[in-house]
Amino acid sequence: MNPEEEKERETATNLFNSVVEMIRNADEDERWELVKEKQGQTRMKIQAHKHVYTKTQCEMPFSCQKVVSFLSDPHNISSFDPTTEKVELIKTYPENIQLVYNKFKVGTESREIVFVQGVHTDPDNVTCVACKSMDYDQRPEEVPRVNVNMEGFVVRPMTENSCTVSWIVKMETEGLNTDCVNRLEKDQGKMLPSISTQLGGVA
């Protein structure tokens with residue numbers, strides 16, 4: 001590995017470690033306000049200056065290992081996120097940290113992100129599948145590129161074959177009107193049921 005590649009690997013590792021810490025801190029924050037409970041799913045949010053944290057949580061009748069294995073494979077994104085147009089695994093760094101390209105629809109327009117993603121399991125067996133944007137000029141832009149500040153899943157075991165899954169997102173709200181923010185939050189509520197449905201078909 002040459003010095004440039006080593007620097008890139010170090011950047012990816014630092015970004016991943018930072019987003020894991022951000023997600024775990026957000027998950028344990030005491031400011032979560034209940035938005036809605038429906039059909040076994042709980043939606044919460046924390047309203048802050050210029051951004052909002054959202055957390056969608058539910059129980060799933062699958063083992064932690066099965067859920068984490070599914071969520072950590074970027075090729076599965078399109079199966080539960082209908083806005084996805086294209087996903088590419090650009091490369092995998094040591095410690096299985098991945099660099100991923102994702103092109104997706106926002107309304108009638110396309111956007112793209114390049115992000116690092118990985119899996120971290122704490123000593124208490126709480127697993128975080130986290131992602132955060134990374135500058136990567138070697139992947140040419142096809143459409144305007146946007147940033148993901150913080151996004152990830154927190155998976156907690158309940159029994160050998162069940163777990164609690166929380167999907168946590170930090171969404172920048174500057175420049176977005178209230179209706180747009182509310183619509184994005186509502187769309188996020190569809191994600192975990194879709195993931196659970198897909199997992200039901202995975203052997």
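User: Before we start, what should I know about the numbering and the model?
Analyst: Residues are numbered from 1 along each chain as its sequence is written, and side-chain values use heavy atoms, with hydrogens and water left out. This is a predicted model, where local features need pLDDT of at least 70, side-chain atom pairs count only at pLDDT 80 or more, and totals for chains, interfaces and linings use all residues.

User: How many helices and strands does the chain have?
Analyst: Helices (H or I, at least four residues) and strands (E, at least two) are DSSP runs, numbered from the N terminus. From that end, the elements go α-β-β-β-α-α-β-β-β-β-β-β-α-α. That makes 5 helices and 9 strands.

User: What is the radius of gyration of the chain?
Analyst: The radius of gyration is taken over C-alpha atoms, and the globule rule to set it against is 2.2 Å times the number of residues to the power 0.38. For 203 residues that rule gives 17 Å, and the chain comes close to it, so it is as compact as a globular protein of that length. The value for the chain is 17 Å.

User: What share of the residues of the chain count as buried?
Analyst: Buried means under 20% relative accessible area, exposed over 50%, and partly exposed in between (1.4 Å probe, protein chains only). Strand β3, residues 51-60, is mostly covered, with 8 of its 10 residues buried. Over the 203 residues of the chain, the share is 47%.

User: Which residue takes a positive phi in the hairpin of β2 and β3?
Analyst: Two strands pair if DSSP finds at least two bridges between them. Strand β2 (residues 41-48) runs antiparallel to β3, with 8 bridges joining them, and Lys 45 stands opposite Thr 54 in β3. The hairpin has 2 residues between the strands, and the one with a positive phi near 70 degrees is Lys 50.

User: Is the pair of Phe 153 and Trp 167 stacked or tilted?
Analyst: Rings of Phe, Tyr and Trp (its six-membered ring) pair if their centres lie within 6.5 Å; planes under 30 degrees apart count as stacked, over 60 as edge-to-face and the rest as tilted. The structure holds 2 aromatic pairs. In one of them, Phe 70 and Phe 80 have ring centres 5.9 Å apart and planes at 45 degrees, so that pair is tilted. For Phe 153 and Trp 167, the centres are 6.0 Å apart and the planes at 15 degrees, so the pair is stacked.

User: Which backbone oxygen does the side chain of Lys 132 reach?
Analyst: Lys 132 is found in strand β7 (residues 127-133) and is buried, with a relative accessible area of 14%. Contact means heavy atoms within 4.5 Å, and leaving aside neighbours within four places in sequence, Lys 132 is in contact with residues including Leu 15, Met 22 and Phe 115. At 3.1 Å, its side chain reaches the backbone oxygen of Asn 149.

User: How far apart are the C-alpha atoms of Val 20 and Gly 118?
Analyst: Val 20 has its place in helix α1 (residues 3-27) and counts as buried at 7% relative accessibility. Not counting residues up to four places away in sequence, Val 20 touches His 120, Cys 128 and Ala 130. Val 20 and Gly 118 are 98 residues apart along the chain, yet their C-alpha atoms are separated by 9.0 Å.

Notes
Polar contact = N/O pair within 3.5 Å; in protein donor to acceptor, adjacent residues only side chain to side chain.
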